[in-house]
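Me: I would like to go through this structure with you.

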Amino acid sequence: MKASKPAGRSAKPLSPGGKSPAPGLRARKQQQTRERLKRAAMALFLERGFETTTIDDIAAKAEMSRRSFFHYFASKEDVVAAWQEDAAAALVAAILARPADESMLTAAENAITAAIKRIDPAEAAAMSRLKRDNPALHARDQRKYEKLEQALAEGLAQRSGRKSDRQKARLVAMIATGAMRVGGESWIGEGAREKPEAFVKRTFDAIRAILK
């Protein structure tokens with residue numbers, strides 16, 4: 001019985017020590033696979049168009065099977081939706097990173113600017129045209145703004161930490177999202193010649209002029 005105690009003590013750390021890294025590693029691999037599929041799909045959409053790109057094309061470019069694609073996405077539209085959801089998550093993170101002394105509107109503007117700077121303008125413009133010209137993607141794009149507004153409101157409210165500011169956060173998110181929607185449409189309509197961060201500044205300057 002005495003001899004069993006050291007074995008018991010040495011066995012206990014091995015179990016958590018051996019198991020804890022595994023879920024993290026699996027999650028990272030799954031995320032990497034998802035990103036590979038997403039990048040492959042977006043590249044093909046921009047190169048060939050959404051309608052002419054097949055799921056088999058995406059799987060082949062990502063060097064995966066068709067079955068692997070469906071493990072991560074239910075359809076081509078879901079790939080575009082995932083791209084939009086990732087952008088919303090990045091926006092919330094950017095808002096939470098803003099200095100505490102910034103007003104909600106300024107924090108929203110600076111977070112949107114920071115998020116846009118990480119996106120290739122040519123790719124963003126091509127994606128906007130792709131969504132505009134495809135009915136299925138256009139319908140999803142409208143819902144994107146609802147999710148973006150929710151993400152902005154959530155980030156602003158979380159940043160404030162005060163329950164009394166939740167309504168203010170929703171209003172600022174609504175104004176900012178609406179402005180970005182109108183500004184984005186104007187940006188594409190004008191040929192996307194201006195830098196995205198410049199049109200963000202111009203859009204928020206217009207908001208402040210209206211609110212005066």
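Me: What is the make-up by class of the lining of the second largest pocket?
Reply: The lining of the second largest pocket has 9 nonpolar, 3 polar and 1 charged residues. Ala, Val, Leu, Ile, Met, Phe, Trp, Tyr, Cys and Pro count as nonpolar, Asp, Glu, Lys and Arg as charged, and the others, including Gly, as polar. A pocket is an open set of points on a 1 Å grid over the protein atoms alone where a 1.4 Å probe fits, with protein on both sides within 12 Å along at least five of seven lines; lining residues have an atom within 4 Å of a point. Please note that this is a predicted model, in which local features need pLDDT of at least 70 and side-chain atom pairs pLDDT 80 or more, while totals for chains, interfaces and linings use all residues. Residues are numbered from 1 along each chain, and side-chain values use heavy atoms, without hydrogens or water.

Me: Which residues lie nearest its centre?
Reply: Of the 13 lining residues, Ala 179, Val 182, Gly 183, Thr 203 and Ala 206 lie nearest the centre of the second largest pocket.

Me: Which helix gives the largest share of that lining?
Reply: Helix α10 does, with 7 residues; α9 also supplies at least two. Helices are DSSP runs of H or I, at least four residues, numbered from the N terminus.

Me: Which residues of α10 are buried?
Reply: Pro 196, Phe 199, Val 200, Thr 203, Phe 204 and Ile 207 are buried, meaning under 20% relative accessible area with a 1.4 Å probe and protein chains only (exposed is over 50%, partly exposed in between). Seen down the axis of α10, these residues fall within an arc of 135°, so they line one face of the helix. The arc is that of the directions from the axis to the C-beta atoms.

Me: What covers them?
Reply: The cover includes α6 (104-117), α7 (121-133) and α9 (166-189).

Me: Now the largest pocket: which residues are closest to its centre?
Reply: The largest pocket holds about 1,200 Å³ of space. Of its 43 lining residues, Trp 83, Ala 87, Ile 119, Lys 131 and Lys 144 are the closest to the centre. By class, the lining has 21 nonpolar, 6 polar and 16 charged residues.

Me: Changing topic, where does Asn 134 lie?
Reply: Asn 134 lies in the loop between α7 and α8. Asn 134 is buried, with a relative accessible area of 5%.

Me: What is it in contact with, sequence neighbours aside?
Reply: Beyond its neighbours within four places in sequence, Asn 134 is in contact (heavy atoms within 4.5 Å) with Phe 50 and Glu 51. The C-alpha atoms of Asn 134 and Gly 49 are separated by 9.5 Å, although these residues are 85 residues apart along the chain.

Methods:
Grid points are joined across faces, edges and corners, and a volume is the space filled by probe spheres set on the points.
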